[in-house]
Amino acid sequence: MDISRRGLFHIGGKLLVVASVGATLEQIIGAEPPSDAYRMADHWWGMLIDIDKCIGCGSCVRACSQENNVPKGYFRTWVERYQVDENQQPTVDSPDGAMNGFAPLTRDDLKAFFVPKLCNHCADSPCVQVCPVGATFVSPDGVVLVDKEYCLGCRYCVQACPYGCRYLHPETDTVDKCTLCYHRITQGLTTACCENCPTQARVLVDFKNPQDPVHEFLRKNMVQVLKPYMATKAKVYYKDLDGSVR
Amino acid sequence: MFHDSGHLIRPALVLLAAVVIFLVIRAAVIPKDFGKYGHYRPAALALVRSHQIAYAGQETCVMCHDDQANARKAGKHAHVACEACHGPQAAHANDPSIKPKLPEVADLCRRCHEKDAAKPSGFPQVVTVEHSGGAKCNDCHQPHNPRM
C-alpha cells in the first residue's frame, strides 16, 4: 500500500480524534464509589498522649512494628526518655526506639519522663505540601498517608517533616510512615499502639464524634502539641508536656 | 498580503497536534478519579486499607477466653490488653489450630515494672535483683491477677 504524506496526516488525525473521544468518555463515566459502611466525612482522627501515664515499656513500638511490618531499625512510633538537668538541658535516649524498653536511670534527683512519638497527622502538614507528585496527602478523615505506587522516593517529605516521622523503606525505596493504622481504624478497631498500651497513655480519638472523651479531656487538661511554632495544626495532643521536649 | 500564510498554518497545525497528543497521553496516564478528594489518587486509600490486621483486639480475644478475662478483671491488670503480653494473635483468632507461644516472663515483667526514675512515681516498680533474687516473677505472681 502506497501512502502519501497527506494521506498519513489524515489517518493520524482520525486516530487522534477517536483516542481523545475515548479518553474523555472514560473520564466522564468515572470510578465506582467504595461500597462499605465506613464514611470518611464522619471522622477526624487524632491521638491523646498522657506523659504522666507512660512507663516507657515499648509495647506500642513492638505492636506497631509487628502490625505494620516495619523494617528492622526503622520506626513509625518510638519512645524517647528525657532527663532534664539543673540548666534545663535535656539528655534524650531511645535505645532501638524503646523496642525493648529502657535500662534503668540511676539518678533520681532530676525530672525524667517518657515521650512517645509518632506522626502528628497535621492538618496543615509540610510533608504533603512538598510532595511533587501527589503521593502523600491528608485523607478526608484527617490521616496523613502515602500512596506507595505513586511515590518516587525523592525524600522531599522526609526532610520537610519537622518531627522526623518519615523514612525511606529499604526494600520498596518509597516513603513509609505511620498510617494511624488506617486499615484498623476504618474497621472500628483502635490502632495497634493504643490497643497494646498497658496504661492507656495513648488513646486514639475522633474529633468529629461528639461522644468521644477527647472533648472533655481537652476542656479539663493542660495540653500541648509538639513544635506549635511550626503551625502544622498537629492532631497529637500531649498532656503535661515539658518545655524541654523537642 | 497572506499569500504565504501556509508558513504560519503548518506550524500551527503541528503545535495543535502536539497539544492534542499531550492531552490524550495525560488523560490515559492520570487515573480518572484523581483529584476527587484532593491532589492524590483516591485508590491509594483502598491500597492503605488493604493491609492485613495482626492484632485481633480485646473484644475478639474475650469472645473465647472469657475465663482469663474475668480473672484479669479483678486485678491490677484489668486494663492491660491480652495482646500487649501475648503478642499479635489475629492469625490464632482466625484459625485456633495455630497455637500461640507463651510470653517470656523474665523480659515481659521487667519492661514495665523494673524501677526507673523516669517512670511515674505511683506506678508499681521493683529492682528485680533485690525483689526476687533471680526467681521468676510467675513463681509467686499470677500474671492475669498479679497478687501474691
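Reader: Which residue is the bridge partner of Arg81(A) in strand 3 of chain A?

Author: The bridge partner of Arg81(A) there is Asp93(A). Please bear in mind that this is a predicted model.

Reader: How many bridges link strand 2 and strand 3 of chain A, and in which sense do they pair?

Author: Strand 2, residues 77-84 of chain A, pairs with strand 3 over four bridges, in the antiparallel sense.

Reader: What holds paired strands together in general?

Author: Strands of a sheet pair through backbone hydrogen bonds.

Reader: What is the strand order in the sheet of chain A?

Author: The order is 3-2-4, in an open sheet of three strands with antiparallel pairing.

Reader: Which strands stand at the edges?

Author: Strand 3 (90-93) and strand 4 (111-118) of chain A do. Each has a single partner strand, so one side of each lacks a neighbour in the sheet.

Reader: And how are neighbouring strands of this sheet turned against each other?

Author: On average they are turned by 25° against each other, with direction ignored.

Reader: Which helix packs on the sheet?

Author: Helix 2 of chain A, residues 59-67, packs on the sheet and touches strand 2 and strand 4 of chain A. The direction of helix 2 makes about 160° with that of strand 2.

Reader: Turning to chain B, how many helices and strands are there?

Author: Chain B has nine helices and zero strands. Read from the N terminus, its elements are therefore listed as α-α-α-α-α-α-α-α-α.

Reader: How does the radius of gyration of chain B stand against that of a compact globule?

Author: Chain B has a radius of gyration of 32 Å, whereas a compact globule of 148 residues would be near 15 Å. Along the principal axes, the C-alpha atoms of chain B fill a box of roughly 105 × 40 × 25 Å.

Reader: What share of chain B is buried?

Author: Buried residues account for 18% of the 148 residues in chain B. As for contacts in chain B between residues at least 6 apart in sequence, 49% join residues at least 24 apart.

Reader: What confidence does the predictor give the complex?

Author: The complex has an ipTM of 0.87 and a pTM of 0.86. Chain B averages a pLDDT of 92, and 98% of its residues score at least 70. Chain A averages a pLDDT of 91, with 89% of the residues scoring at least 70.

Reader: Where in chain A is the pLDDT below 50?

Author: The pLDDT is below 50 over residues 30-34 of chain A. Beyond near neighbours in sequence, that stretch has six contacts in the model. Where pLDDT is low, the predicted coordinates should not be read in detail.

Methods: Residues numbered from 1 in each chain as written. Chains lettered and ligands numbered in written order. Predicted model: local features only at pLDDT ≥ 70, side-chain atom pairs only at ≥ 80, totals over all residues. Pairing = 2+ DSSP bridges. Helix = DSSP H or I, 4+ residues; strand = E, 2+ residues; numbered from the N terminus. Axes fitted to C-alpha atoms, helices over the stretch in contact; angles between N-to-C directions. Contact = placed C-beta atoms within 7 Å. Rg over C-alpha atoms; globule rule 2.2 N^0.38 Å. Buried ≥ 20, exposed ≤ 12 C-beta atoms within 10 Å, placed from the backbone. pLDDT = per-residue confidence, 0-100.
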